[in-house]
Amino acid sequence: MVSVASAVVAVGTATGMMSALDDGRGDEARPEVTSSPLLEPGPAVPTASPTKASPSPSPSPSKSSAKPSPKPSKAPKPEVKKKTVEASTNLYRYPDSNVLDWVAANRNDPRAALIESRIADRPQAVWFAEFAPGTITSRVRAVTSAAAAKGSVPVVVPYAIPQRDCGGHSQGGAGNLDEYDAWIDKFAAGLGSGEVVVILEPDAIAQSDCLSEGQRADRFASLARAGRVLKAANPNARVYHDAGHSGWNSPAKQASLLRQAGAASAASSDGIFSNVSNFNGTSGEIAYVRRTLDALGGPASLGAVIDTSRNGNGAPADGEWCDPVGRKLGQAPTLSTGQARIDGYLWIKLPGESDGCLGAPGSFAPDYAYDLAR
C-alpha cells in the first residue's frame with residue numbers, strides 16, 4: 001500500500017489512531033481523543049518485489065491503484081514470529097483513547113484482559129488531524145507536558161497538510177500552504193523542551209503524485225520549513241519524514257522526494273518513518289529504510305522509525321488493506337531496537353481501530369483487537 005495513514009484519527013475521515021482534536025473551547029481546551037485518520041494503501045511498486053504492498057493509512061494516489069491485484073501464486077510464508085519485547089517505559093502512553101474507553105466499559109467481557117494488557121497498556125501515537133489553529137498549541141502542550149511530568153517521550157503526529165490523502169478517505173487539513181505554515185508554527189509552540197518524537201505528515205511525500213510538479217515543489221518546501229520550525233522550537237524534538245513503505249516507491253525514488261522535502265538536512269530532520277498503518281514485516285521495512293537512508297545521504301545520525309502496530313504476520317498475500325484477517329500485533333513500541341539506524345519501533349496506527357470494513361473508520365472493533373492480540 002502506498003498510503004501511510006490508513007485509519008488513524010477520525011477527523012471526518014478516519015484512519016486508526018489517537019487524535020487530540022479541537023472542541024471549540026479556545027486555546028485552553030483539554031485535548032479530546034478521536035480515531036485516527038483513515039489512510040488507504042497506495043499503489044504497489046510496479047517491479048517484482050519480495051514484499052507485497054500492504055495497506056497504509058495515508059491517502060492513496062488513486063482509487064484504482066489503491067489495492068494491488070491478488071496474485072494467483074502461493075502466498076508467501078509469514079515472517080517468523082518473534083516474542084514481543086516489553087514496551088519501552090520511556091515512551092508515553094496517552095491516557096485517553098477508544099481502546100481504553102472500551103476496556104473501562106467492558107471489564108466483564110472475556111476479551112477485555114487480553115486487549116488491555118496487549119494493546120491498551122502500550123504507548124501509542126497521538127494524532128493532531130483537525131485543522132483548528134485556535135487550540136492547536138494548547139492541545140499539543142497538554143500531551144507534551146503530561147509526558148514530561150512522567151519523564152517519558154510522547155509520539156505526536158501533525159496531519160493537516162493541504163490536499164491531504166489526495167482527496168481520499170482522510171481528506172482535510174489546511175486550506176492552503178500559508179495556513180499550514182502558520183498552523184505548524186502554533187503546533188511547534190506546544191512542543192515544550194523535553195524529548196518528543198514527531199511523525200511529520202504521513203503520506204505527504206510518498207503520496208504526492210496527485211499534485212502537479214509545482215504543487216509538489218511547494219508542498220516539499222513547506223515540509224522542509226516545518227521540520228526546521230519544529231526543531232528550532234524544541235532542540236530535543238526528533239522529526240521524522242514520510243518514507244511510505246517497502247511496497248510503495250523504490251528507495252532511490254523515495255530518497256529523491258525526501259531530499260526535496262528537507263529530510264537530508266539535520267536542521268529539519270532526524271530521519272524517516274515507514275509502514276504507518278501498514279502490515280509489511282519488520283525485517284523487510286528495516287532493509288527498505290536502510291536503503292532509503294543510504295540513497296538519501298545527509299548526516300550519519302539520520303535514522304528511521306517503523307510502525308509495527310499490526311505487522312506481526314506480515315502483509316496479507318492478497319493485498320487486502322481494510323481490516324484484513326489473520327494479522328497480529330508486531331514488535332512492541334520501543335526506542336531501543338538494537339538495530340543500526342533503526343531509532344524505534346512505534347505504534348503509530350492504533351491497533352484495534354477499524355480501517356472502515358469492520359466498523360466506521362477509526363472506530364474501535366473489539367473482535368479485531370482481540371484477534372490481533374491473541
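Because the model is predicted, local features are given at pLDDT of at least 70 and side-chain atom pairs at pLDDT 80 or more, while totals for chains, interfaces and linings use all residues. Residues are numbered from 1 along each chain as its sequence is written, and side-chain values use heavy atoms, with hydrogens and water left out.

The chain contains eight helices and nine strands; helices (H or I, at least four residues) and strands (E, at least two) are DSSP runs numbered from the N terminus. Of its 374 residues, 59% count as buried, where buried means under 20% relative accessible area, exposed means over 50%, and partly exposed lies in between (1.4 Å probe, protein chains only). The chain exposes about 13,400 Å², of which carbon and sulfur atoms supply 52%; such areas come from the Shrake-Rupley method with a 1.4 Å probe, and for residues only the protein chains shown count as cover. Among contacts (heavy atoms within 4.5 Å) with a separation of 6 or more, 76% are between residues 24 or more positions apart.

S6 runs parallel to strand S5 (residues 196-200), to which five bridges join it; two strands pair if DSSP finds at least two bridges between them. Within this pairing, Val196 has Ala237 as its bridge partner. S6 also pairs in the parallel sense with strand S7 (residues 271-274), over three bridges, and here Asp242 stands opposite Phe273. The chain passes from S6 to S7 through helix H6 (residues 251-260) in a right-handed β-α-β crossover. A right-handed β-α-β unit is likewise made by S5, helix H5 (residues 213-233) and S6. The term right-handed applies if, with the strands pointing away from the viewer, the path from the first strand over the helix to the second runs clockwise.

The largest nonpolar core has 48 residues, and those with the most contacts inside it are Phe128, Tyr180, Phe187, Leu191, Leu223 and Leu296. A nonpolar core is a set of buried Ala, Val, Leu, Ile, Met, Phe, Trp, Tyr and Cys residues joined through side-chain atoms within 4.5 Å. Leaving aside residues up to four places away in sequence, Tyr180 touches several residues, including Ile161, Pro162, Leu200 and Leu223. Another core, of 18 residues, lies apart from the largest one, with Val99, Ala120, Trp347 and Ala373 among its members.

Two disulfides are found in the whole structure, a disulfide being a pair of cysteine sulfur atoms within 2.5 Å. One joins Cys166 to Cys210, with an S to S distance of 2.1 Å, and is left-handed, with -75° about the S-S bond. Cys166 lies in the loop between strand S4 (155-158) and helix H4 (177-189), and Cys210, 44 residues apart from it, in the loop between S5 and H5. Cys166 is partly exposed at 22% relative accessible area, as is Cys210 at 34%.

The other disulfide is formed by Cys322 and Cys357, whose sulfur atoms are 2.1 Å apart; this link is right-handed, with 125° about the S-S bond. Cys322 lies in the loop between strands S8 (303-307) and S9 (342-346), and Cys357 in the loop between S9 and helix H8 (366-373). Cys322 is buried, at 9% relative accessible area, whereas Cys357 counts as exposed, at 52%.
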